[in-house]
Amino acid sequence: MKFGVVVFPGSNCDADCFYTAEKVLREEVEYIWHQNNHLPAVDALIIPGGFSYGDYLRCGAVARFSNIMPEIVKFAENGRLVLGICNGFQILTEAKLLPGALLRNDSLKFICADVYLKVENNNSPFTNAYQPGEIIKMPVAHGEGNYFCDPETLAGLKNEGRILFTYCGPEGESAAEYNPNGSLANIAGIVNKQGNVLGMMPHPERCAETILGGTDGLTLFNSICGWLRKADSK
Amino acid sequence: MKELTYKEMGLTDEEYEKIIIHLRRKPNYLELGMFAVMWSEHCCYKNSRHLLKNFPTKGAHVIQGPGENAGVVDIGDKQALVFKIESHNHPSAIEPYQGAATGVGGIVRDIFTMGARPVALLNSLRFGPIEDAKVKSLFSGVVSGIAGYGNCLGIPTVGGEVYFGDSYKGNPLVNAMCVGLVNHDDIALAVAGEAGRPIMIVGSKTGRDGIHGATFASEELTQASQQKRPAVQVGDPFMEKLLIEACLELIKEDLVIGMQDLGAAGLTSSIAETVSKSGYGVEVDVQMVPRRETKMSAYEVMLSESQERMLIVPRLAKEKRVSEIFAKWGLDANVIGKVTGDGMFRVLSGDQVEGEIPVRALTDDSPVYIRQGVEPEYYNKNKNFKTDALPYFDNTEALCNLLASPNIASKAWIYEQYDHQVMANTVIEPGNGDAAVLRIKDTDKGVAFTTDGNGRLVYLDPFQGGKAVVCEAARNLACAGAKPLALTNCLNFGNPEKPNVYWQMEMAIKGMAEAAEYLEIPVVSGNVSLYNESGGQAVYPTPVVGMAGLLEDIKHRCDMGFKQAGDLIIHFGPWCAELGGSEYLSVCYGLEKGAVPPVHLAQEKKLIDFLLRLHKENLLNSCHDISEGGLAVALAEAAIVSGFGFLVSLDFTGVPLNKLLFAEGGGRAFATCGQAQWEKVMNFAADFAMETHVVGTVTGNRLVFKKQEREIINLTLEEAGKQWKESIPCHMR
């Protein structure tokens, strides 16, 4: 099994994702430079956090026009797994692989803190190793993670079970005080219609080892590996 | 642009005469500007160099001491830490966001210039009273600036300290520290190689921003300082990120002889410093320097402090590969001149010679001032103030007030704006321990960092205060499980030409040096920031220490939160009977007076060794040093962050209750351990002859202090937590 980690010049969680794949999951992994116009043979793509091209404009707005982007779109359209974390999520919405947009946090401040998430749907390549409705803890670190979309899109996301993670309290309670950025419907992570592209603001790669204070993020990567293995053996 | 006189550039009559002697003629305008910035306090330390000689700089772990862009310390496995702290006080006073942001940018460049991958940022901040509207906007702007720059670079901001006090109202202090990790073989120094080597510039184009920034940093802030906003640079963290990655690739492929960042005094300083060390000269053509503005004079190009620029001296025949790597990162590298053999700094504009100065005159031969300090009147007056006759103050109220004091209250409002986790190494995060602890991937090791300063103590007693600051930093590392290796410092003082300020500086440096020497923690890098005054009033003398420590095994780390009910709470070290300079006196009585608790270096050293021994055996469940707010605040913090309460009995005679609770004297810490570990801890305490008091247990959800079975303080975790957590957010709402 092989992961690809896309690297934009301003990516800064690329090495963390690479490390998780290589040293924690013990899987193959390769960096993919933003100027490339082909993808190597990988089973899943990670678009990591960071500031793609500085993001002085809207986050991810320039990344959408990078050389590698059409390849990522093709990869996604073929049903292959794409995981966008933080800036990766922003890029996926800019590239229209996911609906909606990430606005500035309602506090107007960057926030780096552990938050609680509720696994709203564990029937997905990304969440199958979680329990239904499981409450997990994961860090966020972003200035623009305030998810927004129009009412029809939101209804679609809800009805089709495409909201995988929502922000919540330690007991799963949903309240504004547990929402770190003002995100619509407490949305922390969503998938596309086909379910093979996940965008999420929290950082699973930052909680994939006990030494970092938790392994709730490892479960997400284990879900991906399990799903790919199963797909492989079919 | 109106031409400045040499006085307006910050030079004195004597200095101007000296320049004429060096040149054997009058300088032209360009040359005058180059001298002015190079001879500013910021660049040449003319008022402090003599005093800095007091610091111990050698040690078994030291690979590179002061004199380079940053210090380098061995941590085994052919790895080393590279670190330095630097001030950006005046720019931040005028333009808080950009001032703080470019402060981070500058210190990060110092680290990767040495070939190291920056892995951690810390800071140390001082502002006026948080209630003041202007202070709020400065504070908020500085924090956003640090966040905006550091977060974009993907370097975690893992630690720091923030204090509020009247003396900083017109002149905040913004000190930033960066730590890098490097393999021994990759350490790069700022040297020029041999004559004939081309010199390249890479990164941002040169503009008119920041001209005379170094001079501006070396004078007092006045009403007119607002007009110097053009002397504050604007940061571009994305450009810096590209430079980091590209420069580290150059190092990895061994393509450069020398690398130097462009900081204060821009091209003038970076070129002079690079060639002066090897005794060479240099020729630079300002027409070759890429600019972002038209019609810039040679003077403007040479003095610009535009950010995110690097100077590169490539290895022979490697220019092409250097350019290729820069191109990969979308950067232009341009040859702007060459190293020469004649020892002259020659500025050309095409064929025209615009200026010519012996390099040594700008660097090694810059002026040195040895001044005579005078003990200020306040010193003895404050020292003799007796704290025994204070009126009664309710202890519960005192604890609540202290927890809500912005100097003690939770700093989550600040550090949650910093990405403190990126790189996935942070194992003790801000707010959870006395020091930030990072793992080093692919090894068992960990490293720990802290920044510490205490302007109030240093003001009241510069010598004891100077010692105390070094000791506190070392104690913080030891509490977290790390052996202190070396330190960097940022010496923030007022105008050194005032004899009282010079005395403060002299005594503080002597105190710091004595502690560093005794604890065997050498000084490997640092920065001096003088003229921190506004309206003629100096800030409290505020030397800040940044210290790095090593954990041979990351498993030996220890944070400050309680872990389980039933654990014993043990106080290590002798009780302190002195309230002078404490936060308690300040918060409850409005007094910043009294004799500073004397520092006992032998006790400090013993405590550090003792704690490290216990951590090595993994005997402690939590550990926290006793500093601002004393034992009561330290215990309350350990309780609030963990959600466990405690019951503590202070049945000790001979020391008044308020001193048991709130005195801040060092050489002390408290820890918790399981009942089963108790005997082992006591055995080690006996071995080390460490004074030890079991004061209570972790229990319930209340903070309870008793004396002779009488309750003196009884607060719920919720009440205490509210005071501590909501104070700063409330002020900033």
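This is a predicted model: local features need pLDDT of at least 70, side-chain atom pairs count only at pLDDT 80 or more; totals for chains, interfaces and linings use all residues.
How are H18(B) and H21(B) oriented to each other?

1. Helix pair in chain B. Helix H18 (residues 462–480) and helix H21 (residues 601–616) of chain B have axes that come within 8 Å and cross at roughly 10°. Angles under 35 degrees count as roughly parallel, and H18(B) and H21(B) are therefore roughly parallel to each other.

2. Residues of that contact. On the H18(B) side the contact includes Lys467(B), Cys471(B), Ala474(B) and Arg475(B). By class, the contact of H18(B) with H21(B) has ten nonpolar residues, one polar and three charged.

3. Sheet in chain A. Nine strands of chain A form an open sheet with mixed pairing, in the order E2-E1-E3-E4-E11-E10-E9-E6-E7. Strand E2 (28–33) and strand E7 (135–142) of chain A are at the edges with a single partner strand each, so one side of each has no neighbour in the sheet. From one strand to the next, the twist averages 25°.

4. One strand pair within the sheet. Strand E4 (residues 81–85) and strand E11 (residues 197–200) of chain A run parallel and are joined by four bridges. Ile85(A) is opposite Met200(A) in E11(A).

5. Helices across the strands. Helix H1 (residues 14–24) of chain A lies across strand E1 (2–7), E2, strand E3 (44–47) and E4 of chain A, at about 160° to E2(A). Helix H5 (residues 216–233) of chain A runs at about 165° to E4(A), and the strands it lies across include E7, strand E9 (163–168) and E11 of chain A.

6. Largest cavity. The whole structure holds three cavities of 30 Å³ or more. The largest has a volume of about 770 Å³. Its lining has 39 residues, with Gly160(B), Glu161(B), Lys411(B), Gly431(B) and Gly433(B) nearest the centre. Among the elements of chain B that give two or more residues to this lining are strand E4 (117–127), H18 and helix H22 (630–642). E5(B) supplies the largest share, seven residues. The lining of the largest cavity divides into 17 nonpolar, 13 polar and nine charged residues.

7. Second largest cavity. Seven of the lining residues of the second largest cavity are nonpolar, four polar and five charged.

Technical notes:
Residues are numbered from 1 along each chain as its sequence is written. Chains are lettered from A and ligands numbered from 1 in the order in which they are written. Side-chain values use heavy atoms; hydrogens and water are left out. Two strands pair if DSSP finds at least two bridges between them. Axes are lines fitted to C-alpha atoms, for helices over the stretch in contact, and angles run from 0 to 180 degrees between N-to-C directions. Contact means heavy atoms within 4.5 Å. Angles under 35 degrees count as roughly parallel, over 145 as roughly antiparallel, 65 to 115 as roughly perpendicular and the rest as oblique. Ala, Val, Leu, Ile, Met, Phe, Trp, Tyr, Cys and Pro count as nonpolar, Asp, Glu, Lys and Arg as charged, and the others, Gly among them, as polar. On a 1 Å grid over the protein atoms alone, a cavity is a set of points where a 1.4 Å probe fits but cannot get out, and a pocket is an open set with protein on both sides within 12 Å along at least five of seven lines; lining residues have an atom within 4 Å of a point. Grid points are joined across faces, edges and corners, and a volume is the space filled by probe spheres set on the points.
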